[in-house]
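The following paragraphs go through a structure, from the single chain to the pair of chains and back to a few local details. Please keep the sequence and the coordinates at hand while reading.

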Number of protein chains: 2
Amino acid sequence: MYNEKGKYALEVCFSPLSWPLYKKEPAVIIVTDIFRATTAMCAAFQNKVKSIIPVAEISESIVYKEKGYIVSGERDGKTLDCAEFGNSPFNFMQPRLQGQTVVMNTTNGTQALKMVRGHNNIVCIGAFTNLQAVCNWAMEQKQHIIIFCAGWKNRFSMEDTLFAGAATRYIIQKGEGTFHTTCDSAIASADLWHMAENNPRLYIEKAAHRHRLKKMGLDDILDYTLQLNTHTCVPVLKGGEIVDISA
Amino acid sequence: MYNEKGKYALEVCFSPLSWPLYKKEPAVIIVTDIFRATTAMCAAFQNKVKSIIPVAEISESIVYKEKGYIVSGERDGKTLDCAEFGNSPFNFMQPRLQGQTVVMNTTNGTQALKMVRGHNNIVCIGAFTNLQAVCNWAMEQKQHIIIFCAGWKNRFSMEDTLFAGAATRYIIQKGEGTFHTTCDSAIASADLWHMAENNPRLYIEKAAHRHRLKKMGLDDILDYTLQLNTHTCVPVLKGGEIVDISA
């Protein structure tokens with residue numbers, strides 16, 4: 001499966017802490033934070049939000065709020081005081097957000113985005129909901145691909161890893177020899193996805209443990225985040241904003 | 001399987017970069033570097049070496065050499081100029097080493113050991129060859145257990161992860177409710193081991209890729225490093241030296 005003759009390399013970075021080992025430019029970086037930043041971003045673009053400004057610091061969110069922007073954001077599952085709503089994908093489906101710019105602040109996802117911005121990197125947003133769309137687009141760029149898992153507070157997280165594995169399998173298979181991987185984390189991800197794909201929800205519940213999911217208020221959105229390929233959006237970072245390049 | 005009522009936590013740290021997230025003291029830390037530091041250490045103790053002094057810097061190895069110690073060591077698979085031999089487990093089976101102290105310097109393993117030393121931590125050495133012995137001993141300490149993968153140049157490595165998975169499964173099953181894990185990396189490791197255990201050699205070759213293994217000169221020792229429970233030694237760090245506490 002992992003044809004070593006492929007022209008472009010595919011790698012998986014399990015957590016922001018490991019990112020310094022991966023900084024190969026130029027590359028396409030697919031950032032994922034399944035619970036919930038990148039799933040929420042995809043929901044927003046599916047709802048025709050115009051753009052998302054990802055910010056990492058709460059002070060930045062406050063400045064945008066004062067300028068009149070729509071501000072969303074959380075820390076550890078709690079909506080920020082300066083935010084109108086939290087990061088559940090359902091919040092981004094409000095019709096009033098169509099055509100609007102939303103400022104988003106999350107525990108892991110936007111921190112990860114801040115980290116990977118580089119002059120020669122293309123940064124895009126991946127979730128189960130837009131998996132094939134974002135992978136197809138990434139492959140068309142004809143560059144190395146790095147799947148960057150936002151993780152949970154810098155730790156390895158199962159849900160992001162499963163996305164990485166599903167994307168790895170898709171890219172290697174669809175790429176037919178254009179992409180290869182010699183990256184142990186890509187191979188491990190792909191094998192974990194192989195174990196999980198028949199029933200990702202059951203697998204995730206075993207892994208991430210009901211109490212963590214409950215604490216994160218995820219019970220209601222678990223099925224939503226694990227839907228495959230329901231969206232066609234390809235959110236890409238352009239300057240400081242994320243826009244849907246497929247729109 | 002992962003009984004959440006267990007009294008002691010079991011965690012897996014995938015690479016030295018992630019170690020700062022794990023520093024819970026007191027705990028038993030099982031350090032593993034399958035290719036090849038910890039496998040070689042177990043081979044040494046099986047051969048009745050008296051003790052091993054792990055050093056992380058080449059300058060330290062040179063100082064010990066000048067003091068008349070037997071010095072072994074490598075960087076990236078190449079024997080150090082100051083060393084009598086490299087880190088293949090076979091080198092540690094020489095009869096002349098029995099009863100001797102050996103100074104050891106490796107790319108990943110001794111660096112990892114240096115990192116985990118803490119006042120309240122117990123640090124021991126794990127390999128497939130002493131898996132049950134080291135796990136049984138670790139469980140007897142009645143503390144939290146962290147399995148620390150030395151990795152490959154700070155990256156996730158499949159062989160260390162498979163050891164972590166085998167150890168996780170063993171400890172959770174054997175512990176019968178004394179140990180639990182809510183750690184995604186422990187659960188991922190255990191599942192990867194579950195996929196690999198029928199034919200670890202085939203699995204590792206797929207994962208770590210023949211060219212990396214060849215480059216590391218591992219072709220001749222692969223079968224040796226993947227043997228399960230052939231050794232009964234329990235190497236433990238005492239002061240600056242590793243000794244076999246089962247001897």
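Helices (H or I, at least four residues) and strands (E, at least two) are taken here as DSSP runs, numbered from the N terminus. On that basis chain A has nine helices and 11 strands. This is a predicted model, in which local features need pLDDT of at least 70, side-chain atom pairs count only at pLDDT 80 or more, and totals for chains, interfaces and linings use all residues. Residues are numbered from 1 along each chain as its sequence is written, while chains are lettered from A and ligands numbered from 1 in the order in which they are written.

The overall dimensions of chain A come next. With a radius of gyration of 17 Å, close to the 18 Å that the globule rule gives for 247 residues, chain A is as compact as a globular protein of that length. The radius is taken over C-alpha atoms, and the globule rule is 2.2 Å times the number of residues to the power 0.38. Along the principal axes, the C-alpha atoms of chain A fill a box of roughly 55 × 40 × 30 Å.

A residue is called buried if 20 or more other C-beta atoms lie within 10 Å of its own, exposed if 12 or fewer, and partly exposed in between, with C-beta atoms placed from the backbone. Of the 247 residues in chain A, 52% are buried. Two residues are in contact if their C-beta atoms, placed from the backbone, lie within 7 Å. Among the contacts in chain A with a separation of 6 or more, 78% are between residues 24 or more positions apart.

How are the two chains related? A rotation of 180° with 0.0 Å of shift along its axis superposes chain A on chain B, with an RMSD of 0.0 Å. The two copies are therefore related as by a two-fold rotation axis. The superposition is by least squares on the C-alpha atoms of residues with pLDDT of at least 70 in both copies. In chain A, L17(A) has the C-alpha nearest the axis, 3.2 Å from it. Both copies use the same surface, as 100% of the contact residues of chain A recur in chain B.

At the interface, 23 residues of chain A are in contact with 23 residues of chain B. On the chain A side, α5 (158-175), α6 (184-196) and α7 (200-208) are the elements that give two or more residues. The largest share, seven residues, comes from α6(A).

Within the chain, helix α1 (residues 37-46) of chain A has nine of its 10 residues buried, so it is largely enclosed by the rest of the structure. Its buried residues include T38(A), M41(A) and F45(A). After α1(A) comes K48(A), which has a positive phi near 65°. In chain B, helix α1 (residues 37-46) contains T39(B), which is buried, with 31 other C-beta atoms within 10 Å. Leaving out residues up to four places away in sequence, T39(B) touches I34(B), P89(B), A127(B), T129(B) and T225(B).

Finally, the strands. Two strands pair if DSSP finds at least two bridges between them. Strand β4 (residues 70-75) of chain A runs parallel to strand β6 (residues 101-105) of chain A, joined by four bridges; S72(A) stands opposite M104(A) there. Two bridges also join β4(A) to strand β5 (residues 78-79) of chain A, and these two run antiparallel. E74(A) has T79(A) in β5(A) as its bridge partner. The hairpin of β4(A) and β5(A) has two residues between the strands, and D76(A) takes a positive phi near 55° in this hairpin.
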